[in-house]
Amino acid sequence: MTATVSFFPVGNGDTTLVRFASGHTLLIDVNIRGAADDPDDDTPDVATELRKRLSRDEKGRLYVDAFLLSHPDADHCRRLVEHFHLGPPEDFPQHDTDKILIRELWSSPIVFRRATKTHILCDDAKALQTEARRRVKKFRDTGSLAEGDRILILGEDVDGKTDDLSAILVKVDGAIHSINGEYDSTMNITLLAPLPISDDESEEDALSKNESSVILRIGFVSGDQESTYFFLTGGDAEVGIWERLWKKHAKTPEALQYDMLLTAHHCSWHALSWDSWRDLGEQAMVSQDARNALSQALDGAFLIASSKPIKDDGCDPPSTRARREYEDIAKKVKGSFRCVGEYPSESDPEPMEFTITEDGPRLVTRAMRAPVIIGSGAIGGQPLSHG
Amino acid sequence: MEANLFRTADHYTVDEEMTAIPLVVGQALRLMAQHPNVRLLGEPIRNVRTGEVDVSVDISLDLPSRWLAVGKSPNGVLAVEPASFTFPVSFPLHAPQIKLRKDFDRSLAHVIPGALDEAPVPCIYDGNLDELLQRAGIAALLNQLVFWLHNAALKRLIDPKQGWEPVRRDSLSDIVVMNADVLRSRVNRNGGQQLFRFEYHRLSTASRDPGLRSGVLGTIGDRVVLNRSVLSSIFRKGLFGKPPIEFGSSVALFVWPGKRADGRPHIADHYHPETVIDQETLRRRAAEYGCDHSLRSGLNWLASTLSGVVDGFAFPIAIVLCARRPFHLIGSESPLELCPYVLEIDSVASLGRDSDAQVRPAGLRDAISVPLLRRMAGANQSDEKPVWVQIGAGSIGSKIALHLARSGDSPSKLIDSGYLSPHNIARHGLYPTQDLLRAGWLQGKAHALAGVITGLDQKCEPHFEDVRDILQNEIRTKECLPRKSWAVVNCTASLAVREALASSSKLTLRVLEASLFSSARIGVILIEGPHRHPNCGDLISAFYQLALEDEGLRSLLFEQIDSVQRIEIGQGCGSPTMQIPDGRVSMFAASMARRYAHIGLTDCLARGSF
């Protein structure tokens, strides 16, 4: 099986499905917009497209081997409760809608935080937090977890709160080689963030949802183990995190190299700069450290914005200025920048999919859908007849 | 490509600049410019002389990232490939012609045969491009081209799962018809060559009539052992018709590959489009396939046998090279690709290595065979052919027999005691060809129909007998109505035959009956039950009873009882038959044949479940 990465057109939000060559699936974030249910609305029906790409288990349940919420913002977990089963696997509804089972939940330690004035959670995020706590409690109660109860905590919490969870904990710079309890030789994942609180950072800042984003460098290992191609994904991590990452890895920049990059925060200018694009326009300065962290593109790399079509209208995200920076990064390695909301066309976006070949990721070619123009002026396809 | 040639979708509006470009071409160009893989669309140029519109298209390919970084795939397909579209004046009734850059690697398969100094034409669609254009529009052509280029770069044009794509030879003038399975069965590991009879037709002089094929149309027949004593019986020809058509026979030389020096079979694992034009290029191609030694031996033997032939000796011979591919061909389980050529010889010298005799690649067509017929019918090619007997080779019977024969399920025996007569042709399954009109009337219907079925590669034994007489004789009953048959189909429309069949104690086969009533407004199929209970006599009585209870059927069946009339078929001659058009007979015959095919092939009869 060839590994694939699918980016779904969800506007300014993320829904990324990774399928490793082993067949294991990792879903990173979901942003399923309600307007897609309206047949008269043009919003892509991402829920249906996602389900088409998932397998069913022996009980007929759709499942993902792992689901990662990069951080608990609404545009990363919208309508999670409606489409996914949260709760003990034995309570999976038999005759309900076609819900998706999360075999293993990957979560940052932010799930242990209580809501504060700045740490406000939407209902979907709250539900996922409850689910994560349920799974952690079950681990604490039983010492082991089975499918549907499994959880992996990505990053240590403060004050030793995760010290007793070492069996289900991945520390920053640690590697993930297993998914849903199974060793997978076709994946090689490194956890780059969330970073521990720095000396000059308040806990409140550190726990802001964007700054707590999980950053993964996902390696796809070829069947012969001879080549690995990397996908760097970091939710909504902003400039401060990328600066810290660069400072940490400046002498080992290969730790940040990628063949595919999901540009942070939907191509937001704030991943690259402390300045306001709206206020300063072209005077806004790029943080060189953050840019360095995001510039470790390998030959032919793809830089992808999971956002609405990018316009030169002062909006952020997505930011046209950020796009120019990413295009410049891509150009230096003869790579390319792609916007999910513009693919294959702004008017009719479809999932942007890559296969991981032995020579790097390759964008899956989409056929053009267009009306038929025939001599009579009639429009529309025609069935074949036999004569 | 210069930047000022760049055109966006919005550019292709009908304005003054575009007045020279036909509106419908402009519409197509607007759509093409919107394709996600179209990076650049050049300025359309209209050829003042021909009216054709040429436009260049740069297609951006979705290659793996490391290939994009170097700008091309390892096999030389560019990350941005230029192509050209030529829109004919008749667009969109005819599709544009698509060409690649001249130096595009032709060994990447799916290239239409053409001169090496011309831009290659990719074979982007397994079908008629004009029809694809009508069905799915210009976007479909562009999609096909984009997929084709990707497959070329990714070496997927030949996909082991799908099969090896044979060298394209579907637009050639010369055609060689053969039973490919027979030739393949001759192939062994050691390499070799064999001669076969080659029967051909061709126009003896060039004709401007486009309705006549310009090349040689030949069929490879049985194997022949060539020596001087049989030369005159093999190499012969004659003329007939107007314009004169040469028909004759010569030989086909079939050569196949042997082993490599290391003892392993010679595998031709590189695709090369057809380029053979003379003996030199033919020999080179044979060497590529590992059968050059066999080709040389075969031609030398032919030359030595023909040495001393008189002047005026001029024949086309067929040469079939066999290439052993690394995996099975598309649509076949065999890895052996057969590549036919036509070599014009007019002397022994034309078989020599230095001869400048023309060698033409030929198209390959499967000979008529049961597997081919089954394949065309969508039927299982491996199903055992059912054995069944048909009585009656008239209008309904001939059509049923031919429908089933065309699916590879002809009757094994045909029984009819009548002769063909001109009036039969009005509704018979056979057609009056010039020669049949002269000779066909000498034949019984069973013999004429069986002859056509033989041409469909199926054995059908004709019996010019009245089945009532056959049933009187136990031995003849066993011979003509063998017990291993799955059924007897009675298409005689004879009350006497039905009665004879129903009352016969010698006949153990179940009888099926097909008949038309009321000027072919009613068609009836009778199917006897297990152990012939009920038999057709019982069944027809039941049908009459049903008809009596149905007002419509009763009116048709019993109140228009004179629908069978004596129709004049010549001075002083008449025939009791119905005045009905052929189409109505065919309508019933077709559905009856389908019903018989279903019950016969699914062996329902044996299980007694129909």
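By contact I mean heavy atoms within 4.5 Å. On that rule, chain A brings 31 residues to the contact and chain B brings 28.

Some housekeeping. This is a predicted model, where local features need pLDDT of at least 70, side-chain atom pairs count only at pLDDT 80 or more, and totals for chains, interfaces and linings use all residues. Residues are numbered from 1 along each chain as its sequence is written, chains are lettered from A and ligands numbered from 1 in the order written, and side-chain values use heavy atoms, with hydrogens and water left out.

How much area do chain A and chain B bury between them? About 2,500 Å², with 60% of it on carbon and sulfur atoms. Buried area is the accessible area (1.4 Å probe) that two parts lose on being put together, summed over both.

Now the charges. Between chain A and chain B there are two salt bridges. The cut-off is a side-chain nitrogen of Lys or Arg within 4 Å of a carboxyl oxygen of Asp or Glu. Arg338(A) pairs with Asp62(B) in a salt bridge, closest N and O atoms 4.0 Å apart.

Strand E18 (297-305) and strand E21 (360-363) of chain A each supply at least two residues of the side touching chain B. E18(A) gives the largest share, five residues.

Last, chain B. Helices are H or I runs of at least four residues. The axes of H15 (536-549) and H16 (551-558) of chain B come within 5 Å and cross at roughly 115°. Axes are lines fitted to C-alpha atoms, for helices over the stretch in contact, with angles from 0 to 180 degrees between N-to-C directions.
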